[in-house]
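Here is a short tour of how two chains meet. Have the structure open as you read, and follow the topics in turn.

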Amino acid sequence: MISAWLLNLDTVYVLTGIVLFIFAVLTLGDKEHPHRYSSGLFWLLLAIAFALGSVLPHELTGILVLFMVMLDGAGRVSRGSRQEATTQEQSAQASRLKNKIFLPVIAIPLVTFLFAFAFRAAGFDSSAINRAALVGLGAGSAVAALLALRITGGTLSTMFHEGRRINDAIGSLSLLPQLLASLGIIFTAAKIGDLIARGIQHVVPEDNLFLLVLGNCAGMAIFTMAMGNSFAAFPVIASGVLVPLIVKPFGVDPAMAAILTLTAGSSGTLMTPMAANFNIVPAALLNMKDQYGVIKFQLPFGVVIWSLHVLLMYLMIRLI
Amino acid sequence: MPEWFKLIGIVIVIVGFALKQRTTLVVVTAAMATGLVAGLPLFSNATSPGQEGIINMLGRAFSDNRLMTLFLLTLPAIGLAERYGLLEQSAAWIRQLKAATVGRLSILYQLFRVLHGILGLRLTGHASFVRPLIFPMSVGAAESRSPSVLETEKVERIKAANAASENYGNFYGQNLAVVQPGILLVYGVMRGLGYEVSLWRMMAFTSPIVLLSIVLGAIQFLRLDRSLSRPSNEEPVSR
């Protein structure tokens, strides 16, 4: 009973909706904001889609999303007027509060862990543990907010203004992971994966093991880059290429070939803007000038480790 | 219409991203175009029962994946802590650690994330660790080793390295526990294709890749340290 209530993600979603609602209200009240009403409306719609996502009919949520994307596409969603505190101000506060200022930010991962560990120790299955971690993130954020208010002596209003400052810096990009998930679903419904698997079957000669391994890993990386997600690509490549062309005809160890194919895909994830939650949102979260800055840094690593996947899989097939 | 026309979505994404168009608009346009070319209806309706409409899928995916955006909850607390000197204090703290460099911190953080994988914990640390802790600590380390104010271009590279160490540790480390979704996905898919694969065997075969990812990451991060210690020609700008 208690665990069912604790593990209900809707509580966390409603909480996020409330935070977004406050950001929306602050935006609407920001007189120096260049796009005060349209930006405010954007955050308000997101607040609704977040808090009520589980009860609204999907087509209604879909329409809300389309409307938000149109507002953003028209360039009507932008940052508010809130500025970062000056460096002098920050240093003065830092020398007053010293290491106490770390307590709130440490509370976030700590509470997240505590929730996950508690449910793990209680013997729940992995999906319950994952949900516990997400609920823990919500609880951790609340604990952190209370601690931050207490330690700094700042007001609730300052806290939400500061939260909105970071939120504005990220802007509409925070929607991207969810939008990409819908692109993935539509790609699946349109059977794009089958098309790619057939393309590889068509190009690679059936008796050349090295080229098959190369085609398998390349197909996995390319499809992952298009979908932004190796988990979505794996079933397609495994059923279209790996099993029929490599595992079955050559009698290859399926555990080895399958797990290496999955991480060959992860190497693709490092190199694609479609994996927005890993590559684009962090760049925004860190306020980077180049939204592709993280990808550019990861590119050489990704190419090298992908090539090593091809070599390792080929050698393992030959040697064991 | 030839079947490969369905790839229009991928073309729209590549062209749209290359031309730096609004990413949200590019992605939704690609989704709508792919769905329409594949002959899917806009809305679920009575004339084609069992066929979900494009707008319905858009809404369903959006609400099913809200968990990806939960980091928004952490922003008020982090924002307030930043106003009250979080970044300054972490810089001051790390200045006392003489051995700390951006590269060493990134290596350590990547290992820390691999450890999460082994413990079976799955999380994305960009919002909870990188932005509030690892990045300011790295800037502090770089500042303590630099005679003058850090150039903007160097700060940008530090940000990229911090975010990358999170991804390297997370992506490759997460297959080291049997409760992790990647391993379970592979198990489920291979079972569906007629192969009962051992979870432990998969963990064994993924370990050389984990080792390689740590070594390659270390090489890249230590090279970054060397390039950060060289002066650049750019105008110094304060953070």
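In this predicted model, helix α4 (residues 58-73) of chain A packs against helix α3 (residues 54-64) of chain B at an angle of about 85 degrees, with the axes 7 Å apart. That makes α4(A) roughly perpendicular to α3(B), a label for angles of 65 to 115 degrees. Axes are lines fitted to C-alpha atoms over the stretch in contact, and angles run from 0 to 180 degrees between N-to-C directions; helices are DSSP runs (H or I) of at least four residues, numbered from the N terminus.

**The helix pair**
- On the α4(A) side, the residues that meet α3(B) include A:H58, A:I63, A:L66 and A:M68.
- Their partners in α3(B) include B:I55, B:L58, B:R60 and B:F62, where contact means heavy atoms within 4.5 Å.
- By class, this helix contact has seven nonpolar, six polar and two charged residues; Asp, Glu, Lys and Arg count as charged, Ala, Val, Leu, Ile, Met, Phe, Trp, Tyr, Cys and Pro as nonpolar, and the others, Gly among them, as polar.

**The whole interface**
- Chain B gives 117 residues to the contact and chain A gives 141.
- About 11,700 Å² is buried between the two chains, with 76% from carbon and sulfur atoms; this is the accessible area (1.4 Å probe) that two parts lose on being put together, summed over both.

**Salt bridges**
- Over all chains the structure holds 20 salt bridges, each a side-chain nitrogen of Lys or Arg within 4 Å of a carboxyl oxygen of Asp or Glu.
- One of them joins A:E89 and B:R83 (3.5 Å, N to O), crossing from helix α5 (residues 87-97) of chain A to helix α4 (residues 75-83) of chain B.
- Across the interface of chain B and chain A there are seven salt bridges, and A:R165 with B:E82 form a salt bridge at 3.2 Å, N to O.

**Reading notes**
- Residues are numbered from 1 along each chain as its sequence is written, and chains are lettered from A and ligands numbered from 1 in the order in which they are written.
- Local features need pLDDT of at least 70, side-chain atom pairs count only at pLDDT 80 or more, and totals for chains, interfaces and linings use all residues, while side-chain values use heavy atoms, with hydrogens and water left out.

How values were computed: Helix = DSSP H or I, 4+ residues; strand = E, 2+ residues; numbered from the N terminus. Parallel < 35°, antiparallel > 145°, perpendicular 65-115°, else oblique.
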